[in-house]
2 protein chains.
Amino acid sequence: MTKTNIVNNIQLSSALDLLRDVIQPDMLKVDKLVQDLTVSKAKLIHEVGLHTIKSGGKRLRPMLTLACAKLCNYTGESHIDLAACVEFFHTATLLHDDVIDKSNLRRGNPTANNLWGNRESILVGDYLLGKAFQLIGRAKSLRVYEVLANASVVISEGEVLQLAKVQDIDNFEPYYMQIIKAKTAELFASACEVPAIISDSAESKILALREYGMNLGIAFQLVDDALDYSAKQEKLGKAVGDDFREGKLTMPVMLAYKKANSDEKNFWHKKIIENNRSDDDFKVAQKLVEKYGAIEATIKKATYYTQLAKKALDNSFPDSFVKNILTDVLGFVVAREF
Amino acid sequence: MTKTNIVNNIQLSSALDLLRDVIQPDMLKVDKLVQDLTVSKAKLIHEVGLHTIKSGGKRLRPMLTLACAKLCNYTGESHIDLAACVEFFHTATLLHDDVIDKSNLRRGNPTANNLWGNRESILVGDYLLGKAFQLIGRAKSLRVYEVLANASVVISEGEVLQLAKVQDIDNFEPYYMQIIKAKTAELFASACEVPAIISDSAESKILALREYGMNLGIAFQLVDDALDYSAKQEKLGKAVGDDFREGKLTMPVMLAYKKANSDEKNFWHKKIIENNRSDDDFKVAQKLVEKYGAIEATIKKATYYTQLAKKALDNSFPDSFVKNILTDVLGFVVAREF
């Protein structure tokens with residue numbers, strides 16, 4: 001890590017800390033609500049639900065809902081319900097994804113399907129989806145309802161699109177962008193949009209926060225896809241290579257493929273299109289991605305989307321403490337460890 | 001089959017035909033809506049969704065929504081949305097259930113997980129759940145929303161309860177009733193309740209249709225559980241023995257267990273509590289269920305619930321053509337082939 005990088009990382013992690021600080025009282029209410037709503041006649045639901053939420057990471061989505069509510073000077077209590085709702089949607093997706101991808105670990109923790117089983121993960125996912133929809137009802141806003149119900153459809157549609165066989169690496173990029181918008185960015189967009197709706201913000205602000213969330217979400221997924229080939233991540237003990245092992249065609253591979261010589265193109269073709277790969281092939285894949293600077297190029301694309309997100313904010317919101325935090329969060333999204 | 005049984009069966013199947021006739025124009029609209037709403041950017045969703053709906057059977061749940069709307073003299077168009085919504089909820093449950101139970105066949109047709117795979121079934125199930133929630137929004141009734149969002153939570157809660165290990169066959173009945181109310185009867189209850197809500201019916205009528213649907217649903221599941229041990233079903237080429245093979249403790253077994261001698265009790269204990277069973281054991285289980293008349297006794301219990309359903313209708317609705325059909329449907333539910 002260079003000296004500048006160290007300084008940047010300190011600044012960026014403090015951006016996340018500032019975000020946490022500013023929404024902390026609300027986040028405690030969200031935590032309490034999440035705890036209460038996972039209590040069920042079926043004890044298993046509480047255990048599986050809370051385990052998965054705890055393994056889910058930084059909880060960026062509900063934090064964004066709360067921060068956007070603050071940005072819109074919202075004074076009610078529905079943002080707590082909606083943040084919990086966004087968290088439940090995300091957790092349900094994680095539970096089903098881990099079954100689909102047969103994942104045993106998530107951020108170093110055993111997945112629910114690993115600890116309890118596939119049946120349990122599928123059903124608790126369904127339960128949390130139902131709870132998410134109950135929470136939306138509490139906001140008593142038809143528009144919020146439409147945004148979040150639409151998100152739930154778009155997310156699963158994106159996941160199904162991702163199942164289709166890749167036919168043509170050269171022309172996959174528009175399809176890839178469609179998938180990551182649907183499966184990842186749509187929930188970020190909705191998480192940021194709904195607090196603007198419940199605060200009766202101007203139409204331009206509602207659209208701006210949707211744009212902010214959508215572009216942040218695209219950047220987030222691009223970075224995630226880059227991290228999965230990162231040697232640095234591997235050194236830090238993080239899991240890498242999942243996308244390759246599952247045969248997912250992601251941005252770093254598309255960018256490496258573009259610059260590849262004909263032998264290397266054959267390698268990618270065989271591994272991704274013909275699905276003829278072993279776990280050992282990942283080392284080769286990782287080297288090819290590195291050789292052509294495809295991680296840096298992916299991050300560059302992600303940075304472009306964070307700039308769009310920043311622009312959306314700048315066009316519709318005057319400067320403020322919370323706006324600065326939301327801007328700095330964009331830096332955090334692209335500057336995770338590589 | 002005795003002569004009286006033949007006559008009864010003719011009458012009962014004509015009860016279902018009458019139901020179909022009276023709602024046919026509406027059902028065509030539901031079919032069209034279901035077709036339209038499963039069209040997606042992901043072609044797979046349409047194929048998997050329609051395949052599962054077609055394999056799902058008689059489509060009793062949406063038919064009941066339409067018939068109850070008629071009973072309440074509803075004149076709008078929201079009952080079409082809600083019938084499709086109920087169908088989508090049910091289909092999503094089938095898709096996830098077949099993955100959970102590892103079923104290869106449903107009513108003689110290959111299941112979606114068999115034809116396409118588990119990943120596809122889980123995700124298309126999620127997609128249909130999302131679409132179901134979009135449909136609820138179109139009715140623009142907060143109460144309808146609360147009823148159906150609650151149903152979706154209760155259904156998955158029931159399914160999770162069913163996963164818990166049976167500890168004590170003697171005292172399982174209350175737990176079993178709780179499970180079948182949740183996983184099956186709740187959707188029937190909601191399917192019948194929501195048309196009363198959208199027609200602004202009196203509170204007593206809303207509650208009566210909920211009672212009707214709940215008791216019909218309990219009877220429906222009891223009969224389903226009886227059919228799974230029926231030699232007659234087996235002769236007709238229908239699948240039997242699924243519950244036993246999955247170690248589900250259902251009413252016919254509980255009733256056979258009550259009357260069993262100590263050797264027989266040991267058999268059930270070993271097979272259900274200790275999960276120590278092979279496929280061949282089903283023949284023995286079936287004989288024990290038959291020996292103690294446990295199928296007939298289960299049907300008797302189901303009949304009791306249809307009487308409660310009839311009473312709920314009679315207390316709140318004057319005689320009418322549609323009411324007669326809804327009453328006759330109760331006979332159909334308990335008099336399927338044994």
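Modeller: Phe267(B), leaving aside its neighbours within four places in sequence, is in contact (heavy atoms within 4.5 Å) with Phe244(B), Asp281(B), Val284(B), Ala285(B) and Leu288(B). This is a predicted model, in which local features need pLDDT of at least 70 and side-chain atom pairs count only at pLDDT 80 or more, while totals for chains, interfaces and linings use all residues. Residues are numbered from 1 along each chain as its sequence is written, chains are lettered from A and ligands numbered from 1 in the order in which they are written, and side-chain values use heavy atoms, with hydrogens and water left out.

Phe267(B) belongs to helix H13 of chain B, residues 262-273 (helices are DSSP runs of H or I, at least four residues, numbered from the N terminus). With a relative accessible area of 15%, Phe267(B) is buried, a word that means under 20%, with a 1.4 Å probe and protein chains only, whereas exposed means over 50% and partly exposed is in between. Between the C-alpha atoms of Phe267(B) and Glu246(B), which are 21 residues apart along the chain, the separation is 16 Å.

Turning to how the two chains meet, chain B and chain A each bring 36 residues to the contact. The area buried between them, that is, the accessible area (1.4 Å probe) that the two parts lose on being put together, summed over both, is about 3400 Å², and carbon and sulfur atoms give 74% of it. Leu123(B), Val160(B) and Leu163(B) supply 17% of what chain B buries against chain A, more than any other three residues. Helices H2 (43-55), H4 (78-100), H6 (118-138) and H7 (142-163) of chain B each supply at least two residues of the side that touches chain A, and H6(B) gives the most, with 14 residues.
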